[in-house]
Amino acid sequence: MTDVLSDVRKQLTDGTVWLDRDSVHNHDGLERAIQSAGSKKPLFAAAVLACLTDPDLRLRTGAVAVLRHVVTDIGAARLVGILRDNEALFRGVKPAWQIEQDDLEHVAAVAVANRATAGDTATIGYLRRIARDRPWGFYMLQALATLDSQWLVANAKGLVPHSSLGVLAALPVNLRFPLIDALAPWPPEQPTFFTKAFWKQLPPDEAARLRGRMWPGSAA
């Protein structure tokens, strides 16, 4: 563990451990190392976990950037505890270099949401809070539509934007009409390339029923 942690720290501070001409940022080399780690992956997961709360922003940035690859190894509930107990290290903190978002907490929360399971009540509670309290909380909604669908529909008003069609698709079929009704009235339909592509992903008869519920007379 000590050697792996030392290598990870060095990679994230100066990028000299896992070199590649295609690397742009220091976490790129670490990401490749994790993906090819094989039986050593738990050691990398432990090293990422150690860097996650380090005072050095470079280490936290790199750890958050690769977090999605080791969430399962660390455990979503454990990560939630770290994010909750050390909020000042993540919330609103701009990464040391460009990663997926400009807020460390945002990237970490998405990584957790994408690996959460329905029986993990602590993680679901965290995702609920983030969905309600953060300006980017809508990124949690699709995961909640799968993990906690009844709660999502019951709290949809003011939480789920009308534009979040992916949330509608992620819900169980029997809860799609309830979500539509909870968000009524819907603004006039304004088809775009993306919305047209979305409706084509669903069976035509189901798409017509859903659109007819949202915009009566428009689904023909």
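**Briefing on a predicted model**

Tryptophan 151 has its place in helix α10, where helices (H or I, at least four residues) and strands (E, at least two) are DSSP runs, numbered from the N terminus. This is a predicted model, in which local features need pLDDT of at least 70 and side-chain atom pairs count only at pLDDT 80 or more, while totals for chains, interfaces and linings use all residues. Residues are numbered from 1 along each chain as its sequence is written, and side-chain values use heavy atoms, with hydrogens and water left out.

- Tryptophan 151 counts as buried because its relative accessibility is 12%, and buried means under 20% relative accessible area, exposed over 50%, and partly exposed in between (1.4 Å probe, protein chains only).
- Leaving aside neighbours within four places in sequence, tryptophan 151 is in contact with Arg128, Arg132, Leu144 and Leu159, where contact means heavy atoms within 4.5 Å.
- Tryptophan 151 and arginine 128 are 23 residues apart in sequence, and their C-alpha atoms are 8.9 Å apart in space.
- Serine 149 also lies in helix α10, which covers residues 149-154, and serine 149 is buried, with a relative accessible area of 12%.
- When residues up to four places away in sequence are not counted, serine 149 touches Leu144, Leu171, Pro172 and Leu175.

**The protein as a whole**

- The protein has 14 helices and 0 strands, and its C-alpha trace spans about 65 × 35 × 30 Å along the principal axes.
- Of the 220 residues in the protein, 46% are buried.
- Among the contacts in the protein with a separation of 6 or more, 56% are between residues 24 or more positions apart.

- Helix α3 (residues 41-52) has 12 residues and reaches 16 Å from its first C-alpha to its last, close to the 16 Å expected at 1.5 Å a residue; the expected span is 1.5 Å times one less than the number of residues.
- The buried residues in α3 are Phe44, Ala45, Ala47, Val48, Leu49, Cys51 and Leu52.
- In helix α6 (residues 76-85), the residues Ala76, Leu79, Val80, Gly81, Ile82 and Leu83 are buried, and the buried residues of α6 pack against α3, α5 (71-74), α7 and α8 (121-133).

**The packing of α4 and α7**

- Helix α4 (residues 57-65) and helix α7 (residues 104-113) pack at an angle of about 30°, with their axes 9 Å apart; axes are lines fitted to C-alpha atoms, for helices over the stretch in contact, and angles run from 0 to 180 degrees between N-to-C directions.
- The helices α4 and α7 are therefore roughly parallel to each other, as angles under 35 degrees count as roughly parallel, over 145 as roughly antiparallel, 65 to 115 as roughly perpendicular and the rest as oblique.
- Leu57, Arg60, Thr61 and Val64 of α4 make the contact with Leu104, Val107 and Ala108 of α7.

**Two loop positions**

- Arginine 68 is found in the loop between α4 and α5, and arginine 68 is partly exposed, with a relative accessible area of 32%.
- Not counting residues up to four places away in sequence, arginine 68 touches Glu31, Glu100, Ala111 and Arg115.
- Proline 185 sits in the loop between α12 (176-182) and α13 (193-201), and a cis peptide bond with omega of about 0° joins alanine 184 and proline 185.
- Most peptide bonds are trans.
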